[in-house]
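Please look over the sequence and the structure shown here before reading on.

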Amino acid sequence: MTDSNSTHSVAFEQTRKKFGSLVALDRLSLQIPRGSVYGFIGPNGAGKTTAMRILVGISKPTSGTITVLDADDVKDVRHLIGYLPEEKGLYKRMRVIDYIVYFGRLNGMRKRDAVTKAKALLSEFQLTDWEKEKCQALSKGMGQKVQLMATLIHDPILMVLDEPFSGLDPVNVEVVRSIILNKVKENSTVILSTHIMEQAESLCDAVVLINKGKAVLEGPIDEIRKGDVVSVDHEGDVSVFDGLQGVVSVKQIGREATLQVDPECDLQTLLKSIFERTRVTQFNANSASLHEIFIREVGGSEATSETTADA
(Lines give C-alpha, C1' and ligand atoms only; values in the text may rest on other atoms or scores of the structure.)
Protein backbone atom coordinates (compact mmCIF):
# COMPACT_ATOMS: atom_id res chain seq x y z
CA MET A 1 0.00 0.00 0.00
CA THR A 2 1.12 3.57 -0.62
CA ASP A 3 1.24 6.31 1.96
CA SER A 4 -0.76 9.30 0.71
CA ASN A 5 1.11 11.51 3.17
CA SER A 6 4.50 10.72 1.67
CA THR A 7 6.15 13.63 -0.13
CA HIS A 8 8.19 11.45 -2.47
CA SER A 9 7.09 9.07 -5.20
CA VAL A 10 10.52 7.54 -5.82
CA ALA A 11 13.76 7.40 -3.86
CA PHE A 12 17.05 5.99 -5.17
CA GLU A 13 19.64 5.30 -2.47
CA GLN A 14 23.20 4.50 -3.61
CA THR A 15 21.66 2.51 -6.47
CA ARG A 16 24.22 0.74 -8.61
CA LYS A 17 23.85 -1.47 -11.69
CA LYS A 18 26.59 -3.46 -13.39
CA PHE A 19 26.52 -5.53 -16.58
CA GLY A 20 29.65 -7.64 -16.28
CA SER A 21 32.50 -5.18 -15.87
CA LEU A 22 30.40 -2.26 -17.16
CA VAL A 23 28.98 0.10 -14.53
CA ALA A 24 25.78 1.39 -16.12
CA LEU A 25 24.55 3.22 -13.01
CA ASP A 26 26.97 4.34 -10.31
CA ARG A 27 25.57 4.94 -6.80
CA LEU A 28 22.59 7.07 -7.84
CA SER A 29 20.91 8.81 -4.91
CA LEU A 30 17.94 11.13 -5.40
CA GLN A 31 14.36 11.72 -4.25
CA ILE A 32 11.57 12.53 -6.70
CA PRO A 33 8.76 14.63 -5.20
CA ARG A 34 5.18 13.52 -5.53
CA GLY A 35 3.07 15.61 -7.91
CA SER A 36 5.98 16.84 -10.04
CA VAL A 37 7.47 16.45 -13.50
CA TYR A 38 10.98 15.11 -13.11
CA GLY A 39 13.44 14.82 -15.98
CA PHE A 40 16.28 12.39 -16.63
CA ILE A 41 18.66 14.06 -19.06
CA GLY A 42 22.06 13.08 -20.39
CA PRO A 43 23.87 11.83 -23.50
CA ASN A 44 23.05 8.52 -25.18
CA GLY A 45 24.27 5.61 -23.10
CA ALA A 46 24.55 7.67 -19.92
CA GLY A 47 22.38 5.41 -17.72
CA LYS A 48 18.93 7.05 -17.97
CA THR A 49 17.12 3.99 -19.31
CA THR A 50 18.91 1.72 -16.84
CA ALA A 51 17.57 3.87 -13.99
CA MET A 52 14.06 3.76 -15.45
CA ARG A 53 14.14 -0.01 -15.92
CA ILE A 54 15.13 -0.44 -12.28
CA LEU A 55 12.39 1.99 -11.27
CA VAL A 56 9.63 -0.04 -12.94
CA GLY A 57 11.01 -3.42 -11.86
CA ILE A 58 12.28 -4.71 -15.21
CA SER A 59 15.83 -4.78 -13.87
CA LYS A 60 17.19 -5.19 -10.34
CA PRO A 61 20.03 -3.08 -8.91
CA THR A 62 23.36 -4.74 -8.28
CA SER A 63 23.52 -2.87 -4.98
CA GLY A 64 21.73 -0.06 -3.19
CA THR A 65 17.97 0.35 -2.95
CA ILE A 66 15.00 1.98 -4.62
CA THR A 67 11.63 2.79 -3.07
CA VAL A 68 8.65 3.35 -5.38
CA LEU A 69 5.37 4.75 -4.03
CA ASP A 70 6.60 3.78 -0.55
CA ALA A 71 7.03 0.14 -1.57
CA ASP A 72 10.37 -1.63 -1.31
CA ASP A 73 9.24 -4.08 -4.01
CA VAL A 74 7.91 -2.37 -7.13
CA LYS A 75 5.78 -5.45 -7.91
CA ASP A 76 3.47 -4.39 -5.07
CA VAL A 77 2.62 -1.12 -6.84
CA ARG A 78 3.09 -2.07 -10.50
CA HIS A 79 -0.63 -1.49 -11.22
CA LEU A 80 -0.20 2.15 -10.16
CA ILE A 81 2.58 2.80 -12.70
CA GLY A 82 2.36 3.60 -16.40
CA TYR A 83 5.57 2.85 -18.32
CA LEU A 84 6.46 3.90 -21.86
CA PRO A 85 9.75 2.20 -22.82
CA GLU A 86 12.28 3.70 -25.19
CA GLU A 87 12.26 0.56 -27.36
CA LYS A 88 8.83 0.89 -28.90
CA GLY A 89 7.05 -2.32 -29.87
CA LEU A 90 3.47 -2.95 -30.97
CA TYR A 91 1.71 -6.27 -31.48
CA LYS A 92 1.48 -5.73 -35.21
CA ARG A 93 -1.44 -8.07 -35.96
CA MET A 94 -3.56 -6.72 -33.11
CA ARG A 95 -6.24 -4.13 -33.77
CA VAL A 96 -5.42 -0.71 -32.32
CA ILE A 97 -8.32 -0.63 -29.87
CA ASP A 98 -7.66 -4.23 -28.77
CA TYR A 99 -4.03 -3.35 -28.06
CA ILE A 100 -4.99 -0.43 -25.80
CA VAL A 101 -7.73 -2.42 -24.04
CA TYR A 102 -5.31 -5.31 -23.50
CA PHE A 103 -2.99 -3.09 -21.45
CA GLY A 104 -5.94 -1.80 -19.45
CA ARG A 105 -6.93 -5.38 -18.64
CA LEU A 106 -3.34 -6.22 -17.66
CA ASN A 107 -3.56 -3.42 -15.10
CA GLY A 108 -6.77 -4.66 -13.53
CA MET A 109 -9.46 -2.82 -15.50
CA ARG A 110 -12.79 -4.42 -16.34
CA LYS A 111 -13.19 -4.92 -20.09
CA ARG A 112 -16.16 -2.54 -20.38
CA ASP A 113 -14.27 0.24 -18.57
CA ALA A 114 -11.15 -0.39 -20.63
CA VAL A 115 -13.07 -0.15 -23.92
CA THR A 116 -14.76 3.10 -22.83
CA LYS A 117 -11.44 4.65 -21.78
CA ALA A 118 -9.66 3.43 -24.94
CA LYS A 119 -12.28 5.07 -27.15
CA ALA A 120 -11.94 8.34 -25.21
CA LEU A 121 -8.16 8.28 -25.63
CA LEU A 122 -8.42 7.52 -29.35
CA SER A 123 -10.67 10.55 -29.72
CA GLU A 124 -8.28 12.74 -27.71
CA PHE A 125 -5.35 11.66 -29.89
CA GLN A 126 -7.44 11.98 -33.08
CA LEU A 127 -7.10 8.31 -34.01
CA THR A 128 -10.75 7.20 -33.81
CA ASP A 129 -10.77 6.31 -37.51
CA TRP A 130 -7.90 3.87 -36.89
CA GLU A 131 -9.32 1.95 -33.93
CA LYS A 132 -10.19 -1.16 -35.98
CA GLU A 133 -7.00 -1.12 -38.06
CA LYS A 134 -4.13 -3.44 -37.25
CA CYS A 135 -1.12 -1.90 -35.53
CA GLN A 136 1.13 -2.82 -38.46
CA ALA A 137 -0.69 -0.20 -40.57
CA LEU A 138 0.35 2.66 -38.26
CA SER A 139 3.06 5.21 -39.00
CA LYS A 140 5.85 5.72 -36.47
CA GLY A 141 4.12 8.74 -34.95
CA MET A 142 0.77 6.96 -34.75
CA GLY A 143 2.43 3.97 -33.12
CA GLN A 144 3.96 6.24 -30.51
CA LYS A 145 0.54 7.70 -29.72
CA VAL A 146 -1.06 4.26 -29.39
CA GLN A 147 1.62 3.16 -26.94
CA LEU A 148 1.11 6.33 -24.96
CA MET A 149 -2.59 5.50 -24.75
CA ALA A 150 -1.73 2.02 -23.47
CA THR A 151 0.45 3.72 -20.83
CA LEU A 152 -2.36 6.07 -19.76
CA ILE A 153 -5.43 3.86 -19.93
CA HIS A 154 -5.48 2.74 -16.26
CA ASP A 155 -4.93 6.28 -14.87
CA PRO A 156 -1.55 5.60 -13.23
CA ILE A 157 -0.43 7.83 -10.37
CA LEU A 158 3.20 7.44 -11.48
CA MET A 159 4.09 7.71 -15.16
CA VAL A 160 7.57 6.75 -16.38
CA LEU A 161 8.09 7.93 -19.95
CA ASP A 162 11.29 7.17 -21.84
CA GLU A 163 11.56 9.69 -24.71
CA PRO A 164 7.78 10.32 -24.89
CA PHE A 165 8.03 12.95 -27.66
CA SER A 166 9.94 10.75 -30.10
CA GLY A 167 8.21 10.59 -33.48
CA LEU A 168 5.45 13.06 -32.60
CA ASP A 169 4.54 16.08 -34.73
CA PRO A 170 4.27 19.51 -33.02
CA VAL A 171 0.49 19.20 -32.55
CA ASN A 172 0.77 15.88 -30.73
CA VAL A 173 3.77 17.09 -28.71
CA GLU A 174 1.38 19.66 -27.26
CA VAL A 175 -1.26 16.96 -26.65
CA VAL A 176 1.26 14.93 -24.65
CA ARG A 177 2.49 18.00 -22.77
CA SER A 178 -1.11 18.82 -21.82
CA ILE A 179 -1.71 15.26 -20.59
CA ILE A 180 1.46 15.36 -18.49
CA LEU A 181 0.54 18.67 -16.89
CA ASN A 182 -3.02 17.51 -16.19
CA LYS A 183 -1.71 14.36 -14.49
CA VAL A 184 0.47 16.51 -12.24
CA LYS A 185 -2.53 18.69 -11.34
CA GLU A 186 -4.13 15.46 -10.06
CA ASN A 187 -1.06 14.99 -7.80
CA SER A 188 0.37 12.26 -10.02
CA THR A 189 4.09 12.15 -10.72
CA VAL A 190 5.64 12.07 -14.19
CA ILE A 191 9.23 10.96 -14.72
CA LEU A 192 10.51 11.38 -18.25
CA SER A 193 13.72 11.22 -20.19
CA THR A 194 14.40 13.48 -23.14
CA HIS A 195 17.34 14.60 -25.22
CA ILE A 196 15.50 17.83 -26.09
CA MET A 197 16.72 20.32 -23.50
CA GLU A 198 14.06 22.90 -24.37
CA GLN A 199 11.35 20.36 -23.54
CA ALA A 200 12.96 19.51 -20.22
CA GLU A 201 13.44 23.17 -19.33
CA SER A 202 9.85 24.19 -20.09
CA LEU A 203 8.14 21.10 -18.65
CA CYS A 204 10.17 19.72 -15.73
CA ASP A 205 10.14 20.99 -12.15
CA ALA A 206 13.49 19.30 -11.50
CA VAL A 207 16.04 17.21 -13.40
CA VAL A 208 19.00 14.94 -12.91
CA LEU A 209 21.83 15.09 -15.44
CA ILE A 210 23.41 11.65 -15.75
CA ASN A 211 26.72 11.09 -17.50
CA LYS A 212 28.65 7.81 -17.58
CA GLY A 213 26.30 6.36 -14.97
CA LYS A 214 26.78 9.16 -12.45
CA ALA A 215 24.51 12.02 -11.41
CA VAL A 216 26.43 15.13 -12.44
CA LEU A 217 23.76 17.66 -11.43
CA GLU A 218 20.43 17.23 -9.65
CA GLY A 219 17.78 19.59 -8.37
CA PRO A 220 15.07 22.09 -9.29
CA ILE A 221 15.49 23.72 -12.70
CA ASP A 222 15.69 27.22 -11.20
CA GLU A 223 18.44 26.15 -8.82
CA ILE A 224 20.46 24.45 -11.55
CA ARG A 225 20.20 27.53 -13.79
CA LYS A 226 21.04 29.94 -10.99
CA GLY A 227 24.70 30.32 -11.94
CA ASP A 228 25.04 33.29 -14.31
CA VAL A 229 26.55 33.13 -17.78
CA VAL A 230 28.24 36.22 -19.17
CA SER A 231 29.10 36.69 -22.83
CA VAL A 232 31.84 39.15 -23.74
CA ASP A 233 32.86 40.32 -27.22
CA HIS A 234 36.36 41.75 -26.92
CA GLU A 235 39.66 42.23 -28.73
CA GLY A 236 41.95 40.08 -26.56
CA ASP A 237 42.51 36.37 -26.22
CA VAL A 238 41.13 34.02 -23.55
CA SER A 239 44.09 34.70 -21.23
CA VAL A 240 42.70 38.12 -20.29
CA PHE A 241 40.21 36.35 -17.99
CA ASP A 242 42.88 34.45 -16.04
CA GLY A 243 42.55 34.93 -12.29
CA LEU A 244 39.40 37.06 -12.38
CA GLN A 245 37.50 36.70 -9.11
CA GLY A 246 34.13 35.00 -9.48
CA VAL A 247 34.84 33.45 -12.89
CA VAL A 248 34.36 29.68 -12.77
CA SER A 249 35.16 28.81 -16.39
CA VAL A 250 35.77 30.47 -19.76
CA LYS A 251 35.16 29.29 -23.30
CA GLN A 252 36.20 31.53 -26.20
CA ILE A 253 35.49 31.17 -29.91
CA GLY A 254 36.92 33.95 -32.04
CA ARG A 255 36.34 37.20 -30.17
CA GLU A 256 33.31 35.95 -28.20
CA ALA A 257 33.99 34.59 -24.72
CA THR A 258 31.39 32.80 -22.59
CA LEU A 259 32.03 33.04 -18.86
CA GLN A 260 30.34 30.96 -16.21
CA VAL A 261 30.41 33.05 -13.07
CA ASP A 262 29.64 32.35 -9.44
CA PRO A 263 26.04 33.31 -8.49
CA GLU A 264 27.44 35.64 -5.80
CA CYS A 265 29.73 37.43 -8.27
CA ASP A 266 29.16 41.20 -8.54
CA LEU A 267 28.80 41.79 -12.26
CA GLN A 268 29.64 45.50 -12.09
CA THR A 269 32.95 44.71 -10.41
CA LEU A 270 33.61 41.96 -12.94
CA LEU A 271 32.86 44.25 -15.89
CA LYS A 272 35.22 46.89 -14.51
CA SER A 273 38.01 44.33 -14.16
CA ILE A 274 37.47 43.08 -17.73
CA PHE A 275 37.55 46.66 -19.09
CA GLU A 276 40.93 47.13 -17.42
CA ARG A 277 42.33 44.13 -19.33
CA THR A 278 40.78 44.29 -22.81
CA ARG A 279 38.68 46.43 -25.13
CA VAL A 280 35.04 45.27 -24.81
CA THR A 281 32.53 45.75 -27.63
CA GLN A 282 29.62 43.85 -26.06
CA PHE A 283 28.74 42.51 -22.60
CA ASN A 284 25.62 40.44 -21.77
CA ALA A 285 24.62 38.58 -18.61
CA ASN A 286 21.95 35.88 -18.62
CA SER A 287 20.99 32.81 -16.62
CA ALA A 288 22.33 29.67 -18.24
CA SER A 289 19.95 27.61 -20.35
CA LEU A 290 19.67 23.90 -19.67
CA HIS A 291 21.28 23.31 -23.09
CA GLU A 292 24.31 25.41 -22.10
CA ILE A 293 24.59 23.59 -18.79
CA PHE A 294 24.35 20.23 -20.56
CA ILE A 295 27.16 21.12 -22.97
CA ARG A 296 29.29 22.56 -20.17
CA GLU A 297 28.93 19.53 -17.90
CA VAL A 298 29.09 16.78 -20.52
CA GLY A 299 31.26 18.59 -23.05
CA GLY A 300 32.91 16.44 -25.65
CA SER A 301 33.22 13.45 -23.36
CA GLU A 302 31.95 10.26 -24.88
CA ALA A 303 29.13 8.54 -23.05
CA THR A 304 29.55 5.02 -21.79
CA SER A 305 28.93 2.48 -24.53
CA GLU A 306 26.15 0.28 -23.14
CA THR A 307 25.54 -2.97 -24.95
CA THR A 308 22.16 -3.26 -23.24
CA ALA A 309 20.64 -0.60 -25.53
CA ASP A 310 20.53 1.86 -22.66
CA ALA A 311 20.22 5.59 -23.32
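How many residues does helix α4 have, and what distance does it reach from its first C-alpha to its last? Helix α4, residues 140-152, has 13 residues and reaches 19 Å, close to the 18 Å expected at 1.5 Å a residue, the expected span being 1.5 Å times one less than the number of residues. Helices (H or I, at least four residues) and strands (E, at least two) are DSSP runs, numbered from the N terminus. This is a predicted model, in which local features need pLDDT of at least 70, side-chain atom pairs count only at pLDDT 80 or more, and totals for chains, interfaces and linings use all residues. Residues are numbered from 1 along each chain as its sequence is written, and side-chain values use heavy atoms, with hydrogens and water left out.

Eleven of the 13 residues of α4 are buried (under 20% relative accessible area, with exposed over 50% and partly exposed in between; 1.4 Å probe, protein chains only). Among them are Lys 145, Val 146, Leu 148 and Met 149, and what covers the buried residues of α4 includes β5, α2, α3, β6 and α5.

Val 146 and Met 149 are also among the residues with the most contacts inside the largest nonpolar core, which has 49 residues (a set of buried Ala, Val, Leu, Ile, Met, Phe, Trp, Tyr and Cys residues joined through side-chain atoms within 4.5 Å). The largest share of this core, six residues, comes from α5.

Strands β8 (residues 206-211) and β9 (residues 214-220) run antiparallel and are joined by six bridges. They form a hairpin with two residues between them, where Lys 212 in the turn has a positive phi of about 55°.

Definitions and conventions: Contact means heavy atoms within 4.5 Å. Two strands pair if DSSP finds at least two bridges between them.
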